[in-house]
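Colleague: Before we discuss this model, could you put the sequence and the structure on the screen, so that we can go through the pocket and the strands together?

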Amino acid sequence: QVQLVESGGGLVQAGGSLRLSCAASGRAFSKYAMGWFRQAPGKERNSVATISNLGKNTYYADSVKGRFTISRDNAKNTVYLQMNSLKPEDTAVYYCAADRDRWAPEYEYWGQGTQVTVSS
């Protein structure tokens, strides 16, 4: 069992930055791939970025490449999403998730989400 708690969301102006954190409880955090997903109002939830269990491999959605960076600290059981050059279209609820398979169609464990609002 893995429990996830996100933090770091908020309101920011376009062009600004935010760093999201996701703290995991439970054992064997380093055995799980982690992902950040987002869901805007009226839209489906989409993958933003994923990172392999030891942090060696990452994936980014085209819409965030070059602006967002996913990282993890397995000693702290935490995964991060650094978001730079934010745009109004980045506004969404951001969720972190964990699964043993980074390419799983549906991750097994989910946090409660944190709201990110980017004003123009």
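Colleague: Which element gives the largest share of the lining of the largest pocket?

Modeller: This is a predicted model, and the elements that give two or more residues to the lining of the largest pocket are S4 and strand S5 (46-51). The largest share is three residues, and the element that provides it is S5.

Colleague: Into which classes do the residues of that lining divide, and how many are charged?

Modeller: The largest pocket has a volume of about 190 Å³, and of the 13 residues that line it, the closest to its centre are Arg38, Ala40, Lys43, Asn46 and Glu89. By class, the lining divides into four nonpolar residues and five polar ones, while the number of charged residues is four.

Colleague: Turning to the strands, over how many bridges do S4 and S9 pair?

Modeller: Strand S4, which covers residues 33-39, runs antiparallel to S9, and within this pairing Trp36 stands opposite Cys96. The number of bridges between S4 and S9 is seven.

Colleague: Which residue is the bridge partner of Tyr94 in S11?

Modeller: S9 also pairs in the antiparallel sense with strand S11 (residues 114-119), over three bridges. In S11, the residue that partners Tyr94 is Thr114.

Colleague: Which residue in S10 does Ala97 stand opposite?

Modeller: Strand S10 (residues 109-110) runs antiparallel to S9 and is joined to it by two bridges. Opposite Ala97, the residue in S10 is Trp110.

Colleague: How many of the eight residues of S9 are buried?

Modeller: Buried here stands for under 20% relative accessible area. By that cut-off strand S9 (residues 92-99) is mostly covered, and the number of its eight residues that are buried is seven.

Methods: Residues are numbered from 1 along each chain as its sequence is written. This is a predicted model: local features need pLDDT of at least 70, side-chain atom pairs count only at pLDDT 80 or more; totals for chains, interfaces and linings use all residues. Side-chain values use heavy atoms; hydrogens and water are left out. Buried means under 20% relative accessible area, exposed over 50%, partly exposed in between (1.4 Å probe, protein chains only). Helices (H or I, at least four residues) and strands (E, at least two) are DSSP runs, numbered from the N terminus. Two strands pair if DSSP finds at least two bridges between them. On a 1 Å grid over the protein atoms alone, a cavity is a set of points where a 1.4 Å probe fits but cannot get out, and a pocket is an open set with protein on both sides within 12 Å along at least five of seven lines; lining residues have an atom within 4 Å of a point. Grid points are joined across faces, edges and corners, and a volume is the space filled by probe spheres set on the points. Ala, Val, Leu, Ile, Met, Phe, Trp, Tyr, Cys and Pro count as nonpolar, Asp, Glu, Lys and Arg as charged, and the others, Gly among them, as polar.
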